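Please keep the sequence and the structure in view while reading.

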Amino acid sequence: MRILVTGAGGFIGSHVLPLLVQAGHEVHAIYLDSAGHPDGIHAHVANLLTSDCRDLLETIRPSHLLHLGWYVPPGKFWVANENIDWLYASLSLLKAFAAAGGKRWVGAGTCAEYDWSRSGVFRESDPIAPITLYGACKSSLHMISERLGEQLGVEVSSGRVFFPYGPAEPAGRLIPSVIRSLLSGESTACTEGLQVRDYIFVEDVASAFVTLLESSFRGPVNIGSGASVPVREIVAKIGEITGRPELVRFGAIPSRAGEPHEIVADVSRLRSLGWTPRYSLQDGLERTVQWWRARL
């Protein structure tokens, strides 16, 4: 397969590329600049928000496109107007992909597309009722791209990612911020951590996207571990792995008002495609701490 990956330099994209190369595919990747690209891929520099990519798509003529590019700075992306810009840019990219002969499109969705007025296990058939602009734009992209794909002759699928973590995760998010504080000998203030989430190691996220891309499945697919884990347990494990459990201050900050108690993926559909996770929570956290330790 000749595959084009957007968001190639991002958290998930950087883990997907080696898997695609190992699988023997011809891999093309879009970056914002020309520095530091991995071996085995064809790197292209473009800004999807400002560039007309029709010529690039005509030159590459990919059969498959994995669209991971989006605006995701920690703490900002939930309400940012850039979500709307990315929605328009993504649909333009899909049209250019189809015009260049593309056959299969897989986008990165989010668990924030679901109705978070309830908590529990979420299935792909559950109602879509996002409460954030980010979730609304992601769900809009999938719904529009499905209908547009039918008209343009493109298979369309979307991986609804739950809570990824691992090496290269943006430093402002929960797990890397806790790791960085503890490795630096600083206390970290947390909520009671009673909320339950579905955290999945980023390399398992990457392999799930590869599985989805190589399949012919159409429609949304949850990408999660399927395991219910209290956030408190995750933070406590980080304390044990770093050897600084005494620096964790549970209950030092209040829990976020209106936050669902439990957000967990039903991964039956993903497993039916032949995917299985490789990493336990313990393994993933140990690898993540090791990665940050080497950089601090």
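## Terms and basis

Buried means under 20% relative accessible area, exposed means over 50%, and partly exposed lies in between, with a 1.4 Å probe and protein chains only. The model is predicted: local features need pLDDT of at least 70, side-chain atom pairs count only at pLDDT 80 or more, and totals for chains, interfaces and linings use all residues. Residues are numbered from 1 along each chain as its sequence is written, and side-chain values use heavy atoms, with hydrogens and water left out.

## Arginine 244 and its partner

Arginine 244 counts as partly exposed because its relative accessibility is 30%. Its side chain meets that of glutamate 246 in a salt bridge, at 2.7 Å from N to O. A salt bridge here is a side-chain nitrogen of Lys or Arg within 4 Å of a carboxyl oxygen of Asp or Glu. Side chains of opposite charge can pair when their charged atoms come close. The whole structure holds 13 salt bridges.

Helices (H or I, at least four residues) and strands (E, at least two) are DSSP runs, numbered from the N terminus. Arginine 147 and glutamate 150 both belong to helix H4 (residues 133-152). They sit three residues apart, about one turn of the helix. An α-helix has 3.6 residues a turn, so residues three or four places apart point the same way.

The closest N and O atoms of glutamate 150 and arginine 147 are 2.9 Å apart, in a salt bridge. Arginine 147 also bridges to glutamate 146, with the closest N and O atoms 3.9 Å apart. Arginine 147 is partly exposed, at 42% relative accessibility. Glutamate 150 is exposed, at 54%. Shared partners join Glu146, Arg147 and Glu150 into one network.

## Length and cover of H4

H4 has 20 residues and reaches 27 Å from first C-alpha to last. That is close to the expected 28 Å, taken as 1.5 Å times one less than the number of residues. Glycine 153 follows H4, with a positive phi near 75 degrees.

Which residues of H4 are buried? Among them are Tyr134, Cys137, Leu141, His142, Glu146 and Leu148. The cover over the buried residues includes S4, H3, strand S5 (104-110), strand S7 (155-161) and strand S12 (219-223).

## Proline 73

Proline 73 lies in the loop between strand S4 (64-67) and helix H3 (82-99). Proline 73 is partly exposed, with a relative accessible area of 27%. Proline 73 and tyrosine 199 are 126 residues apart in sequence. In space, their C-alpha atoms are 19 Å apart.

Definitions and conventions:
Contact means heavy atoms within 4.5 Å.
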